[in-house]
Amino acid sequence: MSVPPSPLHAGVVRAPIDPAEVLARVGAAEDGAVLLFLGTVRDHNDGRPVSGMSYEAYEPMAREVLEAVAREAAARLGTERIAVVHRVGELDVGEVSVAIAVSSPHRAEAFHAARYVIEEIKRRLPVWKKERYLDGPARWLAGADPRGEAAGATRGEESG
Amino acid sequence: MQVRTLFFASYRDLVGVGQMSLDVPDGCTVSDLVGVLRARGRPFDALPADPAVAVNRTYSGPGTRLASGDEVAFIPPVAGG
């Protein structure tokens, strides 16, 4: 599906994310760098086999926070060519939970903006995930205190 | 006055409901509301004494004064991405 590039886009969706559709929202003739970050559901965590993830959001607030984060990143980047989409609901291993696309004239700003968006999502987006296991009951994952202090255990290389 | 409280994820599991209307005194702060809830006893006393809270979809500190009809969400540690 082809969507014409539009200024800044932020969304919370229930349907599967199509990375190509998110990517198609950025890019311009003056841009020499186009970046796509995908967060995906891993098949293991803490040495346990994971069968999937349930994402829950305070949806109206999550939309507002996601848009605010994208605007902040756009202000740093100096363009509005940023698209970010977070999915909620039941996800299987390998499915995309978050997609961030950024384009800019040079690579440094694009990397900075994409990094800013994912880190702020982790820090303050009102979204929670319950991990489902092959070997036991599901549990809510420890997260970050949106007021800034670290809360709960951090689990190493958490990406998606 | 009445406010609408929302509980998400682990907090919803803890208190057993996702949302609830609550009568609180006029001029009540976020901190007062948490106190009113916890004073109800189980299961509400299992909520933290100083949870992250959003009032009308904005993160708000314990001293924030509430108005009638406000939406007060209890926000467990967040885990998006």
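Colleague: How many residues of chain B are in contact with chain A?
Modeller: In this predicted model, 16 residues of chain B are in contact with 29 residues of chain A.

Colleague: Which elements of chain B give two or more residues to that side?
Modeller: Those elements are helix H1 (9-15), strand S3 (52-55) and strand S5 (71-75) of chain B.

Colleague: And how do the residues on that side divide into nonpolar, polar and charged?
Modeller: On the side of chain B that touches chain A, 12 residues are nonpolar, 3 are polar and 1 is charged.

Colleague: Let us turn to chain B itself. What pattern does chain B follow along the sequence?
Modeller: Chain B has 2 helices and 5 strands, and their order along the sequence is β-α-β-α-β-β-β. The radius of gyration of chain B is 12 Å, close to the 12 Å that the globule rule gives for 81 residues, so chain B is as compact as a globular protein of that length.

Colleague: What box do the C-alpha atoms of chain B fill?
Modeller: Taken along the principal axes, the box is roughly 35 × 30 × 20 Å. Of the 81 residues in chain B, 33% are buried. Among the contacts in chain B with a separation of 6 or more, 51% come from residues 24 or more positions apart.

Colleague: Now the backbone. Which peptide bond in chain B is cis?
Modeller: The bond from B:Arg42 to B:Pro43 is cis, and its omega is near 0°. B:Pro43 sits in the loop between helix H2 (30-38) and S3 of chain B.

Colleague: What is the phi of B:Asn56?
Modeller: B:Asn56 has a positive phi of about 50°, although this residue is not a glycine. B:Asn56 belongs to the loop between S3 and strand S4 (58-60) of chain B.

Colleague: What about B:Arg57, and where is that residue found?
Modeller: B:Arg57 is found in the loop between S3 and S4 of chain B. Its phi is near 70°, again a positive value in a residue other than glycine.

Colleague: Why does B:Arg57 count as partly exposed?
Modeller: B:Arg57 counts as partly exposed because it has 16 C-beta neighbours inside 10 Å. A residue is buried at 20 or more such neighbours and exposed at 12 or fewer, with partly exposed in between. B:Asn56, with 14 C-beta neighbours inside 10 Å, counts as partly exposed too.

Colleague: On to chain A. Is A:Gly136 buried or exposed?
Modeller: A:Gly136 counts as exposed, because it has 9 C-beta neighbours inside 10 Å. A:Gly136 lies in the loop between strand S8 (127-133) and strand S9 (139-140) of chain A. The C-alpha atoms of A:Gly136 and A:Val50 are separated by 9.6 Å, and these residues are 86 residues apart along the chain.

Colleague: How do strands S3 and S4 of chain A pair?
Modeller: Strand S3 (residues 44-45) and strand S4 (residues 48-57) of chain A pair in the antiparallel sense over 2 bridges. A:Asn45 has A:Arg48 in S4(A) as its bridge partner. The hairpin of S3(A) and S4(A) has 2 residues between the strands, and A:Asp46 takes a positive phi near 55° there.

Colleague: How many bridges are there between S4(A) and S8(A)?
Modeller: S4(A) and S8(A) pair over 7 bridges in the antiparallel sense. In this part of the structure, A:Gly52 stands opposite A:Arg132 in S8(A).

Colleague: And which residue of S6(A) stands opposite A:Met53?
Modeller: That residue is A:Leu91. S4(A) and strand S6 (residues 89-92) of chain A run antiparallel and are joined by 4 bridges.

Note on methods. Residues are numbered from 1 along each chain as its sequence is written. Chains are lettered from A and ligands numbered from 1 in the order in which they are written. This is a predicted model: local features need pLDDT of at least 70, side-chain atom pairs count only at pLDDT 80 or more; totals for chains, interfaces and linings use all residues. Two residues are in contact if their C-beta atoms, placed from the backbone, lie within 7 Å. Ala, Val, Leu, Ile, Met, Phe, Trp, Tyr, Cys and Pro count as nonpolar, Asp, Glu, Lys and Arg as charged, and the others, Gly among them, as polar. The radius of gyration is taken over C-alpha atoms; the globule rule is 2.2 Å times the number of residues to the power 0.38. Two strands pair if DSSP finds at least two bridges between them.
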